[in-house]
Amino acid sequence: MNVLLLGSGGREHAIAYKIAQSKLLDNLFIAPGNGGTNFLGKNTNLDVADFDAISKFINDQNINMLVVGPEIPLAEGITDFLAPIHKELMIIGPSQQGAMLESSKEFSKQFMIKHKIPTAQYKSFSKAILNDGYNFLETLKPPYVLKADGLAAGKGVIIAETLEEAKLSLKEMLEDEKFGKSSERVVVEEFLHGIELSVFVITDGENYLMLPEAKDYKRIGEGDTGLNTGGMGSVSPVPFANHEFMQKVEEKVILPTIKGLQKENIDYTGFIFFGLMNCNGEPYVIEYNCRMGDPETESVFPRIKSDILEIFTAAAKKQLDYTRIEIDTRTVATVMLVSNGYPNSYNKGMEINIENNAGLIFHAGTKIDEKGNLIANGGRVITATAFGNSVSDAFENAYNLADKINFDNKYLRYDLGKDLI
């Protein structure tokens with residue numbers, strides 16, 4: 001089987017790592033890939049938004065399966081574009097309408113309410129009704145949650161501690177276009193008190209397989225302080241996500257979501273990421289994503305023991321009800337190494353040195369320069385991922401691995417997992 005994987009981050013490196021292990025694989029192409037993915041397949045200089053070029057590449061290389069890593073091509077309708085042209089192509093990624101679960105916060109909230117999926121109360125506002133937004137904020141208790149309606153690279157959520165701060169943030173998002181077109185509409189919702197986790201399924205639109213759950217760490221500073229990032233680390237499994245809680249997640253969240261997609265005739269083959277809050281043992285949906293999370297994938301995919309291409313093929317052929325998945329019971333922890341200054345301004349181009357046989361490393365923002373050196377090419381640079389027999393054991397191993405990866409201005413959080421121990 002010839003597979004084309006779209007994307008360039010740590011998520012895509014982790015997916016490529018599993019695809020490369022498949023006995024069904026002939027050739028793996030990663031577009032555009034990063035400094036680590038080229039060791040698992042062939043990096044290909046394709047723009048994930050250039051659907052015509054991707055279509056031509058699929059023809060030229062006899063691609064049998066397309067796996068879409070990031071959200072933007074899904075939100076822009078890559079599945080809808082390619083499916084009528086390449087009728088035999090297996091595509092792991094939902095339709096544009098399905099991707100609206102992530103690409104429009106308002107759509108996803110309406111979907112949850114309609115299908116009785118537990119979530120926070122909310123209202124959405126545009127610039128024209130900014131004063132109505134101020135009035136709604138006054139009905140809520142602090143802290144206040146404001147979400148850009150569109151995609152904002154995981155950074156479009158603001159949690160304001162005071163009413164004044166919330167009103168200012170709402171004005172900045174709507175009138176000052178803080179997140180550009182993504183915040184032309186803003187969802188304001190009540191704050192849910194609890195602890196977050198991420199739950200993942202792969203679905204064929206009718207059936208689904210549960211993947212390992214994970215917990216990620218979004219803030220840049222230790223003690224969950226500072227600005228939101230794309231993610232500073234993750235761990236799987238999550239100790240508080242016991243059998244009883246996960247049963248509630250399936251019954252109250254996952255099943256109603258799958259049935260809701262069917263009722264609304266939404267074509268969906270691919271991943272659904274449920275961003276959940278555990279509120280006193282009850283699951284509430286904070287958000288949906290239409291793809292795997294990053295850096296959660298770097299902790300989730302190493303735990304999958306089954307052949308991932310067998311699972312992807314079953315999803316594409318709507319045969320997941322005949323498929324099983326085997327999961328490693330050990331804990332996997334991931335520590336993200338970033339360039340100092342991220343998520344604000346940061347340097348690129350620093351050479352990265354990794355000790356030989358260091359361990360399980362997933363590249364995020366890296367590339368190979370003209371001299372053949374591995375260099376930093378993004379804010380989130382590279383991950384250290386490790387197995388362990390517990391949360392503390394896995395993170396200890398991950399931090400030991402992180403010490404073997406060096407570049408100028410390296411920064412990482414040293415408190416990951418302590419909230420779970």
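Where is the place of Lys 318 in this predicted model? Lys 318 sits in the loop between helix H11 and strand E18 (331-339). Its phi is positive, at about 55 degrees, even though Lys 318 is not a glycine. With a relative accessible area of 36%, Lys 318 comes out as partly exposed. Lys 116 has a positive phi of about 55 degrees too, again without being a glycine. That residue belongs to the loop between helix H6 (105-114) and strand E6 (122-126). Because the relative accessibility of Lys 116 is 72%, it counts as exposed.

Helix H11 (residues 308-316), which comes up above, lies across strands E10 (195-203), E11 and E16, and runs at about 70 degrees to E10. These strands belong to an open sheet of four, ordered E11-E10-E16-E17 with antiparallel pairing. Strands E11 (208-210) and E17 (282-289) are at the edges, each pairing on one side only. On average, and ignoring direction, neighbouring strands of this sheet are turned by 35 degrees against each other. Seven bridges tie E16 (residues 270-279) to E17, and Leu 276 has Val 285 in E17 as its bridge partner.

Elsewhere, strand E7 (residues 144-148) runs antiparallel to E8, joined to it by four bridges. Tyr 144 is partnered with Ala 160 of E8. In E8 (residues 157-160), Ile 158 and Ala 160 make up the covered face, while Val 157 and Ile 159 are on the uncovered one.

Then there are the cis peptide bonds. One runs from Ala 31 to Pro 32, with omega near 0 degrees, and Pro 32 is in strand E2 (residues 27-32). Another links Asp 294 to Pro 295, with omega near 25 degrees; Pro 295 is in the loop between E17 and helix H10 (297-300).

Terms used:
Residues numbered from 1 in each chain as written. Predicted model: local features only at pLDDT ≥ 70, side-chain atom pairs only at ≥ 80, totals over all residues. Heavy atoms only, no water. Buried < 20%, exposed > 50% of the residue type's maximum accessible area, 1.4 Å probe, protein only. Helix = DSSP H or I, 4+ residues; strand = E, 2+ residues; numbered from the N terminus. Pairing = 2+ DSSP bridges. Axes fitted to C-alpha atoms, helices over the stretch in contact; angles between N-to-C directions. Contact = heavy atoms within 4.5 Å.
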